[in-house]
Number of protein chains: 2
Amino acid sequence: METSSLHIAVVGATGAVGQQMLHTLEKRNFPIGTLTLLSSARSAGTKVEFKGTEYIVQEATPESFNGVDIALFSAGGSVSKQLAPEAVKRGAVVVDNTSAYRMDPEVPLVVPEVNEDDIKRHKGIIANPNCSTIQMVVALEPIRKKYGLSKVLVSTYQAVSGAGAVAINELEEQTKAIVSGESFEPKVLPVKGDKKHYQIAFNAVPQIDKFEENGFTFEEMKMINETKKIMHMPSLKVTATCVRLPVVTGHSESVYIEIEDDAVSVKEIQNLLKDAPGVVLEDIPEEQVYPMPANAVGKPDVFVGRIRKDLDDNNGFHMWVVSDNLLKGAAWNSVQIAESLIKLGLVKK
Amino acid sequence: METSSLHIAVVGATGAVGQQMLHTLEKRNFPIGTLTLLSSARSAGTKVEFKGTEYIVQEATPESFNGVDIALFSAGGSVSKQLAPEAVKRGAVVVDNTSAYRMDPEVPLVVPEVNEDDIKRHKGIIANPNCSTIQMVVALEPIRKKYGLSKVLVSTYQAVSGAGAVAINELEEQTKAIVSGESFEPKVLPVKGDKKHYQIAFNAVPQIDKFEENGFTFEEMKMINETKKIMHMPSLKVTATCVRLPVVTGHSESVYIEIEDDAVSVKEIQNLLKDAPGVVLEDIPEEQVYPMPANAVGKPDVFVGRIRKDLDDNNGFHMWVVSDNLLKGAAWNSVQIAESLIKLGLVKK
């Protein structure tokens, strides 16, 4: 296989994640022969630069995928539902960064540090998990492997960029209005398609995505179901509370876990995570060293700190997990999957 | 007892909490005969209005408490340590809103909705708990009483006003600098007296107060120890992760509890909290009704919503608890204690 001849398509090339995908492909010097940038009809015609060359974004149609080897989708679930099968039909492998296929039993849901081997059983589509799930499982997998994992309780502190460029704009506009004493009308968050919209600037909103009938939000159920699927632990106890914050980029998570081994020290967990793939340990309380979203922006890693043993349960641990939701949470994980496809020899030429 | 003749002193009258204490005393039409406003030497001379009359704030000295019936302290732990005993010596009952005496076994730590009777055993000083503890125990006490309580895990989303007026200024200045593309130097948060200072605007900082040797912060240990003391449950399992957010006022908490009864429904918990003292239930997911700090500001209540049964453990429940940290978390709880002193006939005249 001559990898430099790969034809890559990015669907949703003008969006917040699409832009990060292009930066990441550039940074990784991904072996691209031909690059096709696609979007909705609305954004078609936009000019985008990649490695010094200007590309004109085209409207995505089934025919756009003729000759494409790997198609990175990040243009919303409905676009993926409509066009991913068309891309597969034309011989492309799709890495889909929407929730369209994540829970499809036929589709591998992959975080390379955790379950890279699942890529091997793909049937054309590989799903990229939800941003808040990815960073958590990267931190938990080394612990599960060595000490067993029985329970996960997570409360999230999520950035607005997870809801796209319109949400970033809304936070900026509201912030400016508030600091200059002007009025404003919330229009996007917590969920673009839901009935009511609330202030996000200087606020904390305990709703991400719509509510399900069980009182959990879709975002919370994504974290729960995707964690079980990625870790191959259908009966792992997982519960999530997802909260949107006035942070532009960088999700944080307060994670409580129970492990099977009850004689593990904080030092042992720290040593394990220090050398874990994709993880950067930032955990020196006496020097005030711990992860924060403002420091994680632009970096591909998952930062872990504030590791403490529960004061009551010997097998309980608390930790604070932070990552750039647009990179490891989306663009970087998608490109990593594409790199794994090459490494595993799974891209047909 | 002629309650209208009470002599009230407010120590720290110019601070964020002191100002809210005055507003609350005014709003409650508290039976004040004489009002003495005290502060550090630095703020002495400041003019403050109360019920249309202008008061000049005086420097607090031992002699300031001559003739005082109730002294509300909120000027920092060192001031309380120095002057609260002097006030008591002169016959005043002290309601102390600092951490100076909270864990002193001789000092009742009181949230009137939870343990008003503890006031009866006071020896001159009654401590007002930490803001983040107060709102949590108000929500948990009705549940403990009816269904038993065995475990509490809380992740907080705390406003900067908990760190005083300087922290509010810092958030405002940083926010303005960032939206106008200017540089800034963090000087106050996460902890004024700690070595390093970090950006709070558009960030989430997992440190409130300094670190203890066990890796928990003082704020986290306050929540843990104070909850046990207020609820009279020395062996209750409690663990906290405390996080500072770019929110001016209003603390939020993602609370997971385990109760003793494993056949309780969400509806039963909702019905219980709907009628609980100090609690306002805001829990209609299908109408996007849940508590948020931006809505809680200026209100004395503890708002509870997002009540869900754990998906794996029948005795586990999740909830989202929000309150104005300067009111129920500080000023209003202190004034409530003062009202309880009158109601219980414990103010000597």
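In the predicted model, chain B holds an open sheet of 6 strands with mixed pairing, ordered β10-β9-β11-β14-β13-β12; two strands pair if DSSP finds at least two bridges between them. Direction ignored, neighbouring strands are turned by 25° against each other on average. Strands (E, at least two residues) and helices (H or I, at least four) are DSSP runs numbered from the N terminus.

Strands β9 (residues 149–157) and β11 (residues 251–259) of chain B pair in the antiparallel sense over 8 bridges. Leu153(B) has Tyr256(B) in β11(B) as its bridge partner. Helix α6 (residues 218–230) of chain B packs on the sheet and touches β9, β10 and β11 of chain B, contact meaning heavy atoms within 4.5 Å. The direction of this helix makes about 155° with that of β10(B); axes are lines fitted to C-alpha atoms, for helices over the stretch in contact, and angles run from 0 to 180 degrees between N-to-C directions.

In chain A, Arg102(A) lies in the loop between β7 (93–96) and α3 (112–115). An unreviewed UniProt entry lists Arg102(A) under "binding site", although such annotations may be inferred rather than shown by experiment. Arg102(A) counts as buried because its relative accessibility is 5% (buried, under 20% relative accessible area; exposed, over 50%; partly exposed in between; 1.4 Å probe, protein chains only). Beyond residues up to four places away in sequence, its contacts include Asn97(A), Asn128(A), Lys222(A) and Lys229(A). The side chain of Arg102(A) also makes a polar contact with that of Glu226(A) at 3.2 Å (a pair of N or O atoms within 3.5 Å; within protein, one able to donate a hydrogen and the other to accept it, and residues adjacent in sequence counting only if both atoms are side-chain atoms).

Residues are numbered from 1 along each chain as its sequence is written, and chains are lettered from A and ligands numbered from 1 in the order in which they are written. Local features need pLDDT of at least 70, side-chain atom pairs count only at pLDDT 80 or more, and totals for chains, interfaces and linings use all residues, while side-chain values use heavy atoms, with hydrogens and water left out.
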